Structures are given as structure tokens and as C-alpha cells.
Amino acid sequence: MDIVHSNFLDRLQFMTESVKTADFIALDTEFSGLAVGTEDQVHAYDQVEDRYQKLRHNCARMNAFQVGIATFKWDEKKQSYTSRPFNCYAFPNSEVCGDNVLQFKSSNIKFLTKNHFDFNKLFGEGLSYQRLCDADKVLSKVNLKQKEY
């Protein structure tokens, strides 16, 4: 089920209930790029902490385009799991912190296109978000707006 700006509020309760009642949950993300430089490449000799730091560094530079949440619940009658997948398209909100400059890695875009990623949903109806590092900026704008009213 695709979750975008126009249907987010309608589907939020169903998504929340699915997460609360799930036996387990799987998460996946699609980014605008990963492993940009050679220093960010994962190597067989990397420790777990090294891999984490490399991925963290890449995620801080790139944008999440989609967050996938799949919930799984055991169905006793069918003797199998029932899954509910949610594809949340996400795009940074330029109205709050100003226009963003986005980085793309061409191989990531090619991969997403090959796998039928819907860029129209992403750019046209993506859920607005801001990076955590911009939280103070967002809060001060919200506070300023509240004072104006």
C-alpha cells in the first residue's frame, strides 16, 4: 500500500494498528545514493562499528526517498503469516527550511527506475519531512508562526 501526502491521514490509523498488533516488523529504505566515495565502501575486513559509521555517513548526505514498513501477523487458520506492506514516499519539505540541494547517485536512480520506482509519487506527493539536524530551525519557525497568531 502506497502512503503519500494525499492519503496519509486516511491510512495512518490502519498503519498504526498494523504495527501495534504485528508479531514482527521489517523495515527497508530507498536512498538517493549510497557509498559515494571509496572511503564509504564496505569491506570484508570492516568491523560492525565501521560498517555502521559508513552507512550513517552516507545516510546523512543522501535523502531517503521511501521508507518501507511490512508488518507480519501469524494466521492460525492458514498456518502462515499475513503481511501488510506500506511504502511511504518521502521528500524534504522546502517550505520550512528553505530549498534543499539534493545529491543523487546515478546508479541508485538507475536501480530504482529499473525496479519501477514511481518518481512522480515521490516528487509530487511525497510525505514532507525535515532532517533531525534541522529540528531547531523548524521549531523556531513554528514558534514564530504561533506568535504571529
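Student: Which residue's side chain meets that of K121 in a salt bridge?
Tutor: This is a predicted model, where local features need pLDDT of at least 70, side-chain atom pairs count only at pLDDT 80 or more, and totals for chains, interfaces and linings use all residues. Residues are numbered from 1 along each chain as its sequence is written, and side-chain values use heavy atoms, leaving out hydrogens and water. A salt bridge needs a side-chain nitrogen of Lys or Arg within 4 Å of a carboxyl oxygen of Asp or Glu. At 2.4 Å, N to O, the partner of K121 is D2.

Student: Why does this pair tie together parts that are apart in sequence, and how many residues apart are they?
Tutor: Helices (H or I, at least four residues) and strands (E, at least two) are DSSP runs, numbered from the N terminus. K121 belongs to helix α5, residues 119-125, and D2 to strand β1, residues 2-3. The pair therefore joins parts whose separation in sequence is 119 residues.

Student: Is D2 buried, exposed or partly exposed?
Tutor: Buried means under 20% relative accessible area, exposed over 50%, and partly exposed in between (1.4 Å probe, protein chains only). K121, its partner, has 26% and counts as partly exposed. The value for D2 is 22%, so D2 is partly exposed.

Student: How many salt bridges does the structure hold?
Tutor: D23 and K73 form one of them, at 3.7 Å, N to O. D46 and K54 form another, at 2.8 Å, N to O. With the pair of K121 and D2, the number of salt bridges is three.

Student: In which strand is K73, the partner of D23?
Tutor: The pair links distant parts of the chain, 50 residues apart. D23 sits in the loop between α1 (8-21) and β2, and is partly exposed at 43%. K73 is partly exposed too, at 40%, and lies in residues 64-75, strand β3.

Student: Are D46 and K54 buried or exposed?
Tutor: Their side chains meet at 2.8 Å, N to O. In general, side chains of opposite charge can pair when their charged atoms come close. Both residues of this pair are buried.

Student: Which strand holds I25?
Tutor: I25 has a relative accessible area of 39%, so this residue is partly exposed. Its place is within residues 24-31, which form strand β2.
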